[in-house]
Amino acid sequence: MLLSMPSHPADPTLQARLLGTLLANLEGMVYRCRLDEHWTMEFVSEGCLALTGYTEEDILFNSRISYDQITHPDDRQHVHETVLEAVRNNRRFDIEYRIVRADGTIRHVWERGTNITHDSESRDILEGFIQDITERKQADEALREAERRYRSIFENAIEGIYQSTPNDGYLAVNPALARMYGYDTPQELISTLRDIDHQVYVDPQRRTEFMRLMAKHGVVTNFESRVHRRNGDVIWISENARAVHNSAGTLLFFEGTVEAITERKLHEAEIQFQATHDALTGLPNRTLLYDRMQQAVLHSARYGNLTAIAFLDLDQFKFINDSLGHQVGDELLRITAHRLTSCLRESDTVARQGGDEFVLLLTDQPSEEAISHTMQRVLHEVAQPWKANDLEFQITCSIGVTLCPDDGRDVETLLKNADSAMYKAKDLGRNNFQYFSAEMNNSVTDRLELLNHLRQAISNENFVLHYQSKVSLATHKIIGVEALIRWNSAHSGMISPASFIPLAEETGLIIPLGEWVLRTACRQNRAWQKAGYPPIPISVNLSPRQLARGDIVEMVERILTETDLEPQYLELEITESVMTTDVEKSFAMLTQLRALGVKISLDDFGTGYSSLSYLKRFPVDTLKIDQSFVRDIATDQDSAAIVKAIISLGRNLNLTVLAEGIETEDQFQFLLENGCNEGQGYLMSKPIPNKNFLDLLKK
């Protein structure tokens, strides 16, 4: 730096004082330096001490140390080269470097100077000014570090970060947002997505809502939307953003973050689906059904539209489920769900109420006739054959239908009425549908009352056995007896087995009831023997549910031991359906029973779907011809032909053949003439109490 004195005349002493004061007040050091080997300082100002830690005397003419030595060793060559180049080119130099102060600390300095050599001088002279800029350098470095950190965060963040304008697309985006939207680079995204409203958002109204919130609050938080990726895929995102304005309040841009939440939304949707749908069939569950029914009831009340609620129950599902296993039962439920859905419109609902119960919700129905047509289609589809374990089955359903608003104006009443109508359909033979009527409520009440009384009767063993003799057709002698349960209720008097046995089957009460019958029959037979009566086998009917439990062999063995009855005096009657459900399990179970020494009788033969190959294989002793064939053998050629065929089949298989329901002498003679071995029916004896049966034995 060149220092010059004022050009007008003045007091030299005053000028020197003014110059000294000026130099002393400068934050830095003014210098005059020879451009020699040691860069010798000829003059330094008072700022030398504050700058270097050395006094002026220490540095002038290198008396203690040269300023060149104070320059940081790593920067010294750079300083020399910069200064010398400026001198060669006759221009000023401007340079930053480091010095080592007297106390050993390193400081950053800025130096500016020039070569003032005149022709009269023998060497180059530098004059200039040196200032400590350490604090500024530290601030600059901190700023650069902050910028590096921000840039690293921006570049490496997992979340998308952006700046965008209201109308002209994106100003800046980070790599994460580019990847999220399916672009290779941020620049590619910025150049491509210029219309955020339509190119990004699946629903442009979401952008409209985004702008509305920004205008109102200046920020948006957790703003969830569906957006397009570059390849056309749709993903879910959540945005947090704010509006950035200048000092005049003018909107400059939006800046914010974007998080991909597709996986979370899918998980939420899955949880929501699980909460409102049946896990097995995928149908709406009771929760969703109630919600849709509420809406349908309100809609029907407001507009007078006809709504139908159908309560559907699969016939004999428990038998299928217990005998073939839950895996087959679950498959049947899935098949049924698919068939029901195929019968209804998309606007209707098929829901699984629980177990084998389904509910159909049919809205906006044109007429009752249209509802009936739909129910007929449902009955037809459900009854279509299906296969399990290489066997073909056919299962039907019973349906109860109630109408809204005619039969009720709330969900609970409508479901209760549909349930009542469904039980009416079961009472009428199953595989049909019935509309609700007010009288059905009484039937449901009676059914619940009967069930309660049945539970109490089982607990208190309020039953008796009646006995119907089996007779040799050739000798007219009693060769066996069948034990039949009777219930004389204290509340309702004598109740037909046709009323309470199906109810016991449906509710599972047949298990304890069946065990009571077996134990009582065995104990009674042993008592007859002890009383001196000729020993005869006693027959007991086994429920399919008893067999399906898998513990029948153990139970029979235990009861025989308890009652001290020899196995050959017990005959177990099963139905044909046992031979067509879980064949291997049934075969093994019957074989074990035969191994105990008990006899096996096939009841109601001819009414089921058993295969003759199973009949040949299974350990059966007796075929019982169903009374529906015996009833008309004297008058109907078809019935006569069937009975003859069964007798012939039994003879060829070395089985005893017994005819049920013999009520006339003509029937008796026909069976005798065609080789039937045994019979039972009202012609010989009705089912009678123990005392009366003993009178028969005495005769």
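This report describes the overall form of a predicted protein chain and then several of its local features.

**Basis of the description**

The model is predicted: local features need pLDDT of at least 70, side-chain atom pairs count only at pLDDT 80 or more, and totals for chains, interfaces and linings use all residues. Residues are numbered from 1 along each chain as its sequence is written, and side-chain values use heavy atoms, with hydrogens and water left out.

**Overall form**

The chain contains 27 helices and 26 strands; these are DSSP runs numbered from the N terminus, with helices (H or I) of at least four residues and strands (E) of at least two. Its radius of gyration is 52 Å, well over the 27 Å that the globule rule gives for 699 residues, so the chain is more spread out than a compact globule. The radius is taken over C-alpha atoms, and the rule is 2.2 Å times the number of residues to the power 0.38. Along the principal axes, the C-alpha trace spans about 170 × 60 × 45 Å.

Of the 699 residues, 46% count as buried. Here buried means under 20% relative accessible area, exposed over 50%, and partly exposed in between, with a 1.4 Å probe and protein chains only. The chain exposes about 35900 Å², of which carbon and sulfur atoms supply 49%; these areas come from the Shrake-Rupley method with a 1.4 Å probe, and for residues only the protein chains shown count as cover.

Contact means heavy atoms within 4.5 Å. Among contacts between residues at least 6 apart in sequence, 57% join residues at least 24 apart. The chain carries 71 positive and 101 negative charges, and their mean positions are 4 Å apart. Lys and Arg count as positive and Asp and Glu as negative, while His and the chain ends are not counted; each charge is placed at NZ of Lys, CZ of Arg, CG of Asp or CD of Glu.

**Aromatic pairs**

A pair of aromatic rings is described by the distance of the centres and the angle of the planes. Rings of Phe, Tyr and Trp (its six-membered ring) pair if their centres lie within 6.5 Å; planes under 30 degrees apart count as stacked, over 60 as edge-to-face and the rest as tilted.

| Pair | Type | Centre to centre | Angle between planes |
|---|---|---|---|
| Phenylalanine 463 and tryptophan 487 | tilted | 5.6 Å | 50 degrees |
| Phenylalanine 587 and phenylalanine 618 | edge-to-face | 5.8 Å | 75 degrees |

Phenylalanine 463 lies in the loop between helix H17 (440-460) and strand E18 (464-472), and tryptophan 487 lies in strand E19 (residues 478-489), so this pair ties together parts that are 24 residues apart in sequence. Phenylalanine 463 is buried at 7% relative accessibility, and tryptophan 487 is buried at 2%. Ring pairs also link Phe463, Trp487, Phe500 and Trp516 into a cluster.

Phenylalanine 587 belongs to helix H22 (residues 583-596), whereas phenylalanine 618 sits in the loop between helix H23 (612-617) and strand E24 (622-625); the pair therefore ties together parts that are 31 residues apart in sequence. Phenylalanine 587 is partly exposed, with a relative accessible area of 25%, while phenylalanine 618 is buried at 4%.

**Backbone features**

A cis peptide bond, with omega about 15 degrees, joins cysteine 404 and proline 405. Proline 405 is placed in the loop between strand E16 (397-404) and helix H16 (411-427).

Asparagine 222 has a phi near 50 degrees, a positive value in a residue other than glycine. It lies in strand E8 (residues 219-228) and is exposed, with a relative accessible area of 56%. Glutamine 316, also not a glycine, has a positive phi of about 60 degrees. Its place is in the loop between strand E11 (306-314) and helix H13 (317-324), where glutamine 316 is partly exposed at 48%.

**Two individual residues**

Valine 202 occupies the loop between helix H9 (196-199) and helix H10 (204-217) and is partly exposed at 24% relative accessibility. Not counting residues up to four places away in sequence, valine 202 touches Arg226, Val227, His228 and Val234. The C-alpha atoms of valine 202 and valine 464 are separated by 75 Å, and the two residues are 262 apart along the chain.

Arginine 558 is in helix H21 (residues 552-563) and is partly exposed at 37%. Leaving aside neighbours within four places in sequence, arginine 558 is in contact with Glu515 and Arg519. Arginine 558 and arginine 519 are 39 residues apart in sequence, and their C-alpha atoms are 9.5 Å apart.
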